[in-house]
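Open the model in your viewer and keep the selection panel at hand. Each stop below says what to select and what is there.

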Amino acid sequence: MSADGQPALIELRQVTKTYGQGQAAFQALAGIDLSIERGEFVAVMGPSGSGKSTAMNIIGCLDTLSSGSYRFCGVPVETLTRDQCARLRRSYLGFVFQGFNLLRRTSALENVELPLLYRGESAATRARLAREALADVGLSGWEQHTSAELSGGQQQRVAIARAIVTRPAVLLADEPTGNLDTQRSREIMELIKRLNTERGITVVMVTHEPDMAAMARRIVHFIDGRIAADASASDAAALARARA
Amino acid sequence: MLWNTLLLAAREIRRNLMRSALTMLGIVIGVAAVVTMVTLGNGATASVAAQIASLGSNLILVMPGQRMGRPTSGSVAPNLRLSDADAIDTQITGVERVSPVVSKSVTAVVGAKNWKTSVTGAGNTYLGVARWELVNGREFSEAEERGGKSVCIIGDRVRRELFGSSDPLGSELRLQSFSCQVIGLLKAKGQGSMGNDQDDFVLIPLRTAQRRLAGNTDVNMVMVSARDGASTERIKERITLLMRERRNVREGQDDNFNVLDTKQISDTLSGTMQILTLLLGAVAAVSLLVGGIGIMNIMLVSVTERTREVGIRLAIGALEREVLLQFLVEAVTLSAVGGLLGILLATVASITLSQFMDLPYSFDVGINLLAFVFSAAIGVAFGYTPAKRAARLNPIEALRHE
């Protein structure tokens with residue numbers, strides 16, 4: 001519960017996730033508690049295999065949890081059917097992946113239109129909103145280019161446009177700058193930061209680059225499937241300096 | 001939702017033109033091969049059946065010689081005589097008409113044109129027994145037959161080769177050392193069951209042939225037609241007995257003549273046709289299979305790409321059934337369009353080849369439907385199954401698919 005009595009936007013309680021069975025079983029999450037309020041900008045950090053991506057996928061309703069509970073706006077997600085999860089994704093969540101995951105041989109405009117199409121918007125609305133979203137990420141004039149004709153940074157911008165075109169409550173970004181050089185990474189980060197501050201979109205971002213994490217207001221550290229630290233960015237920075 | 005799904009499917013087909021075209025090609029070739037081969041096989045069977053029918057079902061042929069397939073006993077079998085034909089006509093019940101026949105290969109000449117053809121010496125009864133009709137002119141008169149006059153009735157092929165477009169009636173036709181007047185023209189029958197041209201012959205009176213061409217009174221063959229309802233088996237038995245007696249074949253000795261009926265001929269031919277049709281069917285089935293494997297290959301090769309696509313669509317909020325429906329629509333569209341193109345191609349090919357091979361063409365609904373359904377089933381199954389498997393995964397697993 002947050003201070004104003006409303007349920008938190010995202011609330012994980014004692015969530016575990018185990019892959020495989022028996023001897024080969026691997027526990028990716030060993031019981032985590034995490035709650036995120038509306039408007040937050042959370043960076044999730046941790047070494048490879050620490051469970052940060054798994055947590056991200058569970059938050060994004062892309063993966064199921066093994067035990068514990070996950071409430072999104074008070075709704076128990078673990079009880080939802082696959083279709084209900086899909087509806088939740090299409091209405092409230094936007095995804096940005098490290099590998100962009102755009103449809104191949106498909107124009108930027110059609111890629112951005114896709115979520116609207118699944119929401120049943122009319123062709124005119126789709127085109128208008130998609131153009132707006134592309135303009136928001138600075139890609140006006142690139143509507144008809146396919147992903148093969150765009151640079152990595154541009155592809156990630158198209159992916160961000162696709163994620164925000166439905167005006168989601170939460171933007172989930174899994175290492176959005178992992179495949180980009182420093183300059184492009186900085187631009188993408190500024191874009192995400194702006195979406196958070198200007199539009200109030202809640203951002204949860206997995207990254208392993210401290211520079212990028214520093215732009216968030218809160219940093220959550222994962223180690224071995226547990227949350228090792230959860231602090232505001234300034235505290236985290238202070239901590240990092242102290243360690244150094 | 002349906003409209004959007006159609007839109008998505010159409011976009012996907014357009015975007016992956018190569019994959020779509022190859023999938024369709026597999027179906028097109030499979031369907032076209034099967035349909036064309038079976039249609040041509042049907043045409044050939046129908047054509048043979050028509051030829052057998054044109055021969056008449058009640059025809060019996062008596063020819064000198066050892067029974068087919070047995071080694072000769074050394075002596076040459078004597079020819080048949082005119083009196084043998086008379087004996088069959090008068091002594092055997094159930095016989096309708098008897099036509100003794102002399103035949104010889106001769107070059108026919110008209111003006112500067114010549115044409116190697118076969119001359120049949122027989123009476124008017126031959127026309128009835130062998131089911132020939134006149135399109136022009138008249139039959140032989142009794143006087144012409146008895147007197148061995150120099151008149152002839154010609155087949156359509158001979159008319160085409162020697163007279164072209166001019167009217168042959170009344171013209172003179174030179175056969176070997178004598179000339180005869182064309183008095184009749186036969187209706188064309190077309191290709192015979194052995195691939196021969198049935199219309200390529202000249203009919204002259206029996207006596208004329210014996211006197212002017214053979215120089216003896218022998219007969220090469222006696223054609224006998226049975227009365228309607230009479231058993232050809234019984235007639236054959238009686239003819240065999242009669243001929244053994246007349247040709248002094250002792251008991252225990254083999255016949256030195258053959259008695260055949262059209263049923264035997266048609267049995268032999270339809271047996272051959274069945275084998276041919278089976279062979280064609282087998283070849284067609286193989287090509288359908290190869291087409292099917294082609295489809296499977298294309299579809300399976302693109303599984304990885306398609307699995308990721310399913311993952312992307314699910315992640316951005318598509319329902320499982322929306323994704324599945326889209327893939328199903330894609331597979332059905334490609335298969336159906338490919339199948340229809342295949343049928344179209346097969347129809348064009350069958351009509352062209354039928355004309356070229358002089359076979360009757362008929363549209364066989366059954367085989368078209370069968371080939372279409374089979375190919376379409378392969379197309380749909382292999383287009384849809386990978387998508388179905390992918391859509392069951394968690395979106396994140398589908399996205400990670402390598």
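**Ground rules.** This is a predicted model: local features need pLDDT of at least 70, side-chain atom pairs count only at pLDDT 80 or more, and totals for chains, interfaces and linings use all residues. Residues are numbered from 1 along each chain as its sequence is written, chains are lettered from A and ligands numbered from 1 in the order in which they are written, and side-chain values use heavy atoms, with hydrogens and water left out.

**Stop 1: the interface.** Select both sides of the contact (heavy atoms within 4.5 Å). Chain A gives 27 residues and chain B gives 30 residues. Together the chains bury about 2,700 Å², with 48% of it on carbon and sulfur atoms. Buried area is the accessible area (1.4 Å probe) that two parts lose on being put together, summed over both. Now pick A:Arg82, A:Arg105 and A:Tyr118: in chain A they lose the most area to chain B, together 25% of what that side buries.

Stop 2: Seven salt bridges are counted between chain A and chain B. Each is a side-chain nitrogen of Lys or Arg within 4 Å of a carboxyl oxygen of Asp or Glu. Show B:Arg11 and A:Glu113 for one salt bridge; the closest N and O atoms are 3.4 Å apart. Then colour helix H2 (82–92) and helix H3 (108–118) of chain A, the elements that give two or more residues to the side touching chain B. Helices here are DSSP runs (H or I, at least four residues), as are strands (E, at least two), numbered from the N terminus.

**Stop 3: a nonpolar patch.** Select B:Met18, B:Leu22, B:Leu25 and B:Ile29. They make a nonpolar surface patch of about 390 Å². Patch residues have over 30% relative accessible area and no salt bridge; nonpolar side chains are joined within 5 Å, like charges within 9 Å. B:Ile29 sits in helix H2 (residues 17–55) of chain B. B:Ile29 is partly exposed because its relative accessible area is 47%; buried means under 20%, exposed over 50%, partly exposed in between (1.4 Å probe, protein chains only).

**Stop 4: inside chain B.** Which residues of helix H7 (residues 206–214) of chain B are buried? Select B:Leu206, B:Thr208, B:Ala209, B:Gln210 and B:Leu213. Their cover includes helix H3 (82–91) and strand E3 (95–110) of chain B. After H7(B) comes B:Gly215, with a positive phi near 75°.

Stop 5: Pick B:Ala349, in helix H11 (residues 320–357) of chain B. B:Ala391 is 42 residues from B:Ala349 in sequence and 41 Å away in space, C-alpha to C-alpha.

Technical notes. Areas by Shrake-Rupley, 256 points an atom, 1.4 Å probe, with all protein chains shown as cover.
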